[in-house]
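Please open the structure in your viewer and keep the selection tool at hand.

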Amino acid sequence: MDTPKSKKLDIIIPAFRGHSQSFLMVLDGISEEDALKRIEGRTNHIIWMVGNFLDMRYAMGNVLGLNEEFGFKDYFFQGKALDESFKYPTLEQLKASFHKISPLVYQKLLEATDEDLDKAFPMGMNIDFFPENVLNFVGMCIGREDYLCGQIGLMRRIFNYEGMKYDFDKDLKY
């Protein structure tokens, strides 16, 4: 495993890499058609979930100093509600964005110092036990990624796909 400059990221680095693996494995075999299906018109579709996952990756990158902009930001920025009038990007387009941003964010995580992570990052939560700083924002993004992979995993089963396999790709370094 790569060693981050900040010991504060010792738990984040494996989580980030694990989520990269989970993201790809949970999407394995999902058709473009099924990725746009909703359950009884009440759920988000997989495309929206994937886009929100990527919005988290781009947000982490931005707070860590990257100047990369998500090409599909208009559809997903800050959890923007699903809009059935939109022509959403394809899974393949979103996967390409994932492979573009993920190694860049990973490198920024490895390079982040304690000082970088302690910087104030106002989120408007105003919760006394939750300091609003870069580290806690990154942690929230990691938590959101985990949640979204779980949601996609549930959708896999609802659409009669096999459960997610845990065939980790040891060559994926982000």
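This is a predicted model: local features need pLDDT of at least 70, side-chain atom pairs count only at pLDDT 80 or more; totals for chains, interfaces and linings use all residues.

**Stop 1**

Begin by selecting Arg57 and Glu145. These two residues form a salt bridge, and their closest N and O atoms are 2.6 Å apart. Arg57 belongs to helix H2 (residues 46–63) and Glu145 to helix H6 (residues 134–158), so the pair ties together parts that are 88 residues apart in sequence. Is Arg57 buried or exposed? Arg57 is buried, with a relative accessible area of 0%. Glu145 is likewise buried, and its relative accessible area is 0%.

**Stop 2: a serine beside Arg57**

Ser102 is placed in helix H4 (residues 91–111). With a relative accessibility of 0%, Ser102 counts as buried. Which side chain does the side chain of Ser102 meet in a polar contact? The partner is the side chain of Arg57, at 2.8 Å.

Now show the backbone of Phe98. The backbone oxygen of Phe98 is 2.8 Å from a polar atom of the Ser102 side chain. To complete this stop, display Phe16, Arg57 and Tyr174, which are in contact with Ser102 when its neighbours within four places in sequence are left aside.

**Stop 3: a buried aspartate without a salt bridge**

Return to helix H2 and select Asp55, which is located there. Which side chain of opposite charge is nearest to Asp55? The answer is Lys73, at 7.3 Å. Asp55 is buried yet has no salt bridge, because a salt bridge requires the nitrogen and the carboxyl oxygen to be within 4 Å.

Next, select Gln78. The backbone nitrogen of Gln78 is 2.8 Å from a polar atom of the Asp55 side chain. Residues up to four places away in sequence aside, Asp55 touches Phe70, Phe76, Phe77, Gln78 and Gly79.

**Stop 4: the largest pocket**

Which helix gives the most to the lining? Helix H2 does, with seven residues.

**Stop 5: a glycine in a loop**

Select Gly71, in the loop between H2 and helix H3 (73–76). Gly71 is exposed, with a relative accessible area of 65%. Then select Glu32 as well and compare the positions of the two C-alpha atoms. Gly71 and Glu32 are 39 residues apart along the chain, and their C-alpha atoms are separated by 19 Å.

**Stop 6: further salt bridges**

How many salt bridges does the model contain? The count comes to 10 salt bridges. Two others may be visited here.

- Select Lys119 and Asp116. Their side chains meet in a salt bridge with an N to O distance of 3.7 Å. Lys119 counts as partly exposed at 48% relative accessibility, and Asp116 counts as partly exposed at 28%.
- Select Glu162 and Lys165. This pair forms a salt bridge in which the closest N and O atoms are 3.3 Å apart. Glu162 counts as exposed at 54% relative accessibility, whereas Lys165 counts as partly exposed at 41%.

**Stop 7: two residues with positive phi**

Finally, turn to the backbone angles. Select Glu40, in the loop between helix H1 (12–27) and H2. Its phi is positive, about 50 degrees, although Glu40 is not a glycine. Glu40 is exposed, with a relative accessible area of 67%.

What is the value of phi in Asn160? The angle is near 65 degrees, a positive value in a residue other than glycine. At 71% relative accessibility, Asn160 counts as exposed.

Note on methods
Residues are numbered from 1 along each chain as its sequence is written. Side-chain values use heavy atoms; hydrogens and water are left out. Helices (H or I, at least four residues) and strands (E, at least two) are DSSP runs, numbered from the N terminus. Buried means under 20% relative accessible area, exposed over 50%, partly exposed in between (1.4 Å probe, protein chains only). Lys and Arg count as positive and Asp and Glu as negative; His and the chain ends are not counted. A polar contact is a pair of N or O atoms within 3.5 Å; within protein, one must be able to donate a hydrogen and the other to accept it, and residues adjacent in sequence count only if both atoms are side-chain atoms. Contact means heavy atoms within 4.5 Å.
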